Amino acid sequence: MSTLLKATDVVKHFRAGRGRAVQAVNGVSLEVRSGETLGVVGESGCGKSTLGRCLVRLTDLTSGKVEFQGRDITTLSRRALRPLRPAMQLVFQDPYASLNPRRTAGDAVAEPLRIHRYGDAAAIRKRVGELFDLVGLTRAHLDRYPHEFSGGQRQRIGIARAIALNPALVVADEPVSALDVSVQAQVLNLFSDLQEELGLTYVFIAHDLGVVRHVSDRIAVMYLGEVVEVAEAEELYAAPAHPYTDALLSAVPEIDDGTGASRRERVVLTGDVPSPIDRPAGCSFHPRCPVAQARCRTERPALRPVAGRQVACHFPNVPGTAAGA
Amino acid sequence: MIGYILRRFGAAVLVLFAISVLVFLIFFATPGVDPAARIAGKNADPATLAQVRASFGFDRPLPVQYVLMMKHLFVSHDLTSFVNRGTLVIPQIIDAVPVTLSLVVGAAVIWMVLGVGMGTLAGAMRGTLVDPLVMLLGVFGVSLPVYWLGEVVNLITQKQLHGSVFSWVPPLGYAPLSQGVGQWALHLLFPWLTLALLYAGIYARLLRGELINALNEDYVRTARAKGLSERRILIRHALRCSLIPIVSLFGLDFGALVGGAALLTEVVFGLPGVGKLTYQALQNLDLPVIMGTVLYAAFFVVLANAVVDVLYARLDPRVRRA
Amino acid sequence: MPEPLLEVSDLRIRFGGFTAVDGLSFSVRPGEVLGVVGESGSGKSVSMLGVLGLIRTPGAKISGKVVFRGRDLLALKNAEMRAIRGREIAMIFQDPMTALTPVYTIGWQIAEQVRAHEKVSKRAARDRAIKLLDEVGIPAPEQRVDAYPHEFSGGMRQRAVIAMALSCNPALLIADEPTTALDVTTQAQILDLLRRLRADHGSAVVMITHDMGVVSEIADEVLVMYGGRAVERGSRTEVFHSPRHPYTWGLLDSVPRVSGPRVRRLPTIPGTPGAAGQGCPFADRCTHRLAACAEAPPLSGTAGHLDACWLPEEEKTR
C-alpha cells in the first residue's frame, strides 16, 4: 500500500498570552496509507482535532512537515494549495454550523463544484443528483433548507459536499458524535460503503472508542498532543501496549449482554489531564501512569516500533519484550 | 485583584497619553494648515498670531510643541481663548464640570433604578400582560428626543402650568450645592428626569433580554433543583449574572455623558455644563476650548471605562485572571 | 419487596399539540439504581423534569400521579415542592460546565443549598461543603471550596455538582446524562463515585442516559423509552441478556463495541427517532411491524420483565 499522507514531527502551538504557548500538537509523526482508515482517538484537549487541521493544512504548522501524495505541502501558500483542495476534504462534527441556513441542500453540495469549476450548470446539477443518491438522500431533499433536516441527514449533506470533487483523502472530525446511536450506525455504514465504492482514504478522528474500533484499520492514540501508540485496530484492542491506551479502553462502560464478552480489568486513572500549557517533564503521562518509574519523570519516550506496532513508552506492556528494552 | 486594578489603571494612563498625542497631532500637525491662525481665531491681527506662535513654539520640533501644549493645559493652566478676548480655558472647564457631573450622576441614579426595576419586572413577569406594558413604557422613553421632551417640559413647568401646579419649579439654570442641597436638586429635577427617561428605556430593554436568557440557563435550572425560592433564583442568580453586561454599558454611557454627550439636555435647560461649553466653542470655532474639552471628555470616558472594568472584575470572577 | 420510594403512574406531559411523555409508569425502590435509556425525543429527560416539577414552559400540561413517600408530588403546592427538591430529591444535569452559577464560589453554592433546607450557620454550611468536596474526591477541599466554577475542570465540576446534590442526603438522586459531556476516563471516575456514594448514603438513583454501556454498568433496573413511552422494563440482566422489544434489540445492536467480534456493517434502525403518534411509537421504524401496531401496545409481561410490543411471546427473542 502506498503512502498517501505523511506527517513528520508536526508541532502546533497556540499563543496563550504572557509569552506562554498551548502545545496542542507536540511532535506527531504518522503515515496514512492509500485506501485505509486511520483512526485518531483521544480525550478532549489531546490535540486530535488540531492535528486533523494540520494534516490538510487548514492551519499553519508551527514546525514539522506534511507530505500529501509525495509533495511537501507544509509551506505552500493558500493559492498554491488551491488545486490540491479538492483532493483533501474535511467532514465536521456539526454539519449544521457549516451549512448556510439560507441556501438549499442542493446549493450547499453544488458549492464546491462551482468553486472548482466542475462544469456547466447542467453537469453540476447532474453531479449533485448523483451525490444525493450516493449518500442516501432523495432528490426531494435537494430544495430543502438545512433546518428541515435531522442531524443524520445534515451529516449526509456534509459528506456529499466532502466527496463532491472525488477526494483522495477525507479527514472526518467527530462526524457521528452528535448523533443518536441508531442514526450513528447508519452514518458509520455510509462511511464504509463510500470507502468501498470510491476508494477513499479516511482519517477518522473521534473520542468514542467503539466507533473508532469499528471504522479503523489502524489507530493512533493521542494524549496531550502526542501520539502514544499506533497499531492495527484488532491488535490495539486485544492487547494495548501503552498504559494510557490500556486505561482508556478499560474505562469504556461495556454492555454485558450475556454473550460472555470478557470484561477488561478497570484501570481507574486519578486526577485530570494536565494543561497543555504546563506539560509534565519526561513522559507526559507519567503523573497519572500506574506503572511510571523514575526514568519516566525525566526522559521523554520516543514513538518506537515494538512487536509490530509503535509505542511511546519506556515500559510498554507487550508479552515477550523485556520491560525497558 | 489588586494586581488587576493596577494593571487596568496603568493601561488607562497609557490610553490617555495616546489620546492626548492624537488630539495634539490633529490640531497642530495637520499638513497645510497654520495652527497659529486657527488658535488665534478668525481675523486675528498679526501681533496675536506672533504671540501664539511663540507661546506654542510652532517654530520648534513637534515633540517640544507637544510638551508646551501639555504645559499650557495641565501645569500653568494658562491656555487662553482668543475668540473670547483672553478668557482662560481651564477655569472655564473647571467651572462647568460640577454642573455636568450633577446632571449626569443624578440622572444615572434615576435611570439605573428605573431601568433595572422595569427590566427585572418585565423579565420576571414574561408571559403576563405586565411585560409588554412595561416594555411599551420603555419604548415611549426611548423614542422621545431629549430636545423635544425638554422643551415640552419647560413649556409646561415654566409657562402653561407655572401659575398653578408647577409654581414650585425654579427658573431654568443651575444652582450650585453651596446654595443648599434643596435648591440644587430642585433646579436639576426636570433635567434629571428628562435625561433619565431615555436611558431607563434602553436599560430596561437590555436587562429584560439578558434576564430572559439567564432564566433559561442551566444554572437557573440547577438553582430550582436545589429547592431555592423563585425570588432568590431571580435576584441572586439570574439578575446577578444579567447585571454584568449592564454595568459595562453603563460605564460607556456615563463616561460619554460626563464627557459632553449631555449637550442637548444642558442646552435645553440652560445648564452651563461641559456640553454647553463645547457647543458654544464649536459655534465660535474657539479652538483652545475645543481642545480642552476634548481632552477632558477623553479623560472621563477612559476613567469611567477603567472603573467599570474593575467593577466588572468584581462582578464576574472569570475576567480577573486575564 | 420493599415499598417503592417513587411511584409514577400514567404520567403525561404535553406541550401544546405535542405529546412528550405519553402514559409513563415506573417505580423506584429505596437504594435502587434505575437506568432510563433512550434516544433524543424519547421523553426520558422531560419525564424526570416533570416528576420534580421543573417544567416551566408556559402551556405545558402535566397529568398522572407521582407518588413519593406517600405524597402525590403533582398535587403539592410550590412551597411544599421546594422543600422536597434539593432535600429529599436532588437532580444533576448533563453539562457541568454551565450547571453552576459562574459568579459564586463552589462552596457558596453548596452552602446555599444546605441553608435553603436546614437551619445551620454559614460556618457550619461551609464546613459541610468542605466535607462533601472531600467525599467526592476533590483534592485540597479547604482551598477549593473558595474556587469559582471556571477554575475547575469538567470532571471536577461534575464532582462539585454531585457534592451539592448530596448535601442534604437525598433519598433519591436523579442524574440526567451526568457523564455524557465528560471524557471516558473521567466518566469512569464519576460512575465509580456514584456507585460508592450509593453504598455510603443509600440514596436511590435514577440515571438518565443514551449510553447502553453506562446503564449496563450501573443500573439494577432498566427502563427503555421511545417516543414518550416505556417500551421495555425489567432488571438489568433481563433487559440486556434477553431483550424483548425490537427497539431494544436495535439499540443494543447498533452500538459499536470495544470488544467481541468486529462487524463490517453495523445493524441499524432505519429512519430517525420521531414523535409519538396514535399507535406504537416505534412502528414506523420497526422491521417486525404487524397490522396490530396501528394501536399502541400496553406495557405488559410476567414477573417484572415488561414490554410494549404486539409480537407473539415466542418471537420476542433476538
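Axes here are lines fitted to C-alpha atoms, for helices over the stretch in contact, and angles run from 0 to 180 degrees between N-to-C directions. Helices (H or I, at least four residues) and strands (E, at least two) are DSSP runs, numbered from the N terminus.

**View 1. Chain A as a whole.** This is a predicted model, in which local features need pLDDT of at least 70. Residues are numbered from 1 along each chain as its sequence is written. Chain A holds 10 helices and 12 strands. Its C-alpha atoms fill a box of roughly 65 × 55 × 40 Å along the principal axes. Buried residues (under 20% relative accessible area, 1.4 Å probe, protein chains only) make up 55% of the 325 residues in chain A.

**View 2. Helices α3(A) and α4(A) pack together.** Helix α3 of chain A spans residues 105-115, and helix α4 of chain A spans residues 121-134. Their axes lie 10 Å apart, at an angle of about 120 degrees. That angle makes α3(A) oblique to α4(A); oblique covers what is left after under 35 degrees (roughly parallel), over 145 (roughly antiparallel) and 65 to 115 (roughly perpendicular). The crossing is right-handed, meaning that the near helix is turned clockwise from the far one by less than a right angle.

**View 3. Residues where α3(A) meets α4(A).** Contact means heavy atoms within 4.5 Å. From α3(A) come Ala105(A), Gly106(A), Val109(A), Ala110(A), Leu113(A) and Arg114(A). They meet Ile124(A), Arg127(A), Val128(A), Leu131(A) and Phe132(A) of α4(A). The residues of this contact divide into eight nonpolar, one polar and two charged. Here Ala, Val, Leu, Ile, Met, Phe, Trp, Tyr, Cys and Pro count as nonpolar, Asp, Glu, Lys and Arg as charged, and the others, Gly among them, as polar.

Methods: Chains are lettered from A and ligands numbered from 1 in the order in which they are written. This is a predicted model: local features need pLDDT of at least 70, side-chain atom pairs count only at pLDDT 80 or more; totals for chains, interfaces and linings use all residues. Side-chain values use heavy atoms; hydrogens and water are left out. Buried means under 20% relative accessible area, exposed over 50%, partly exposed in between (1.4 Å probe, protein chains only).
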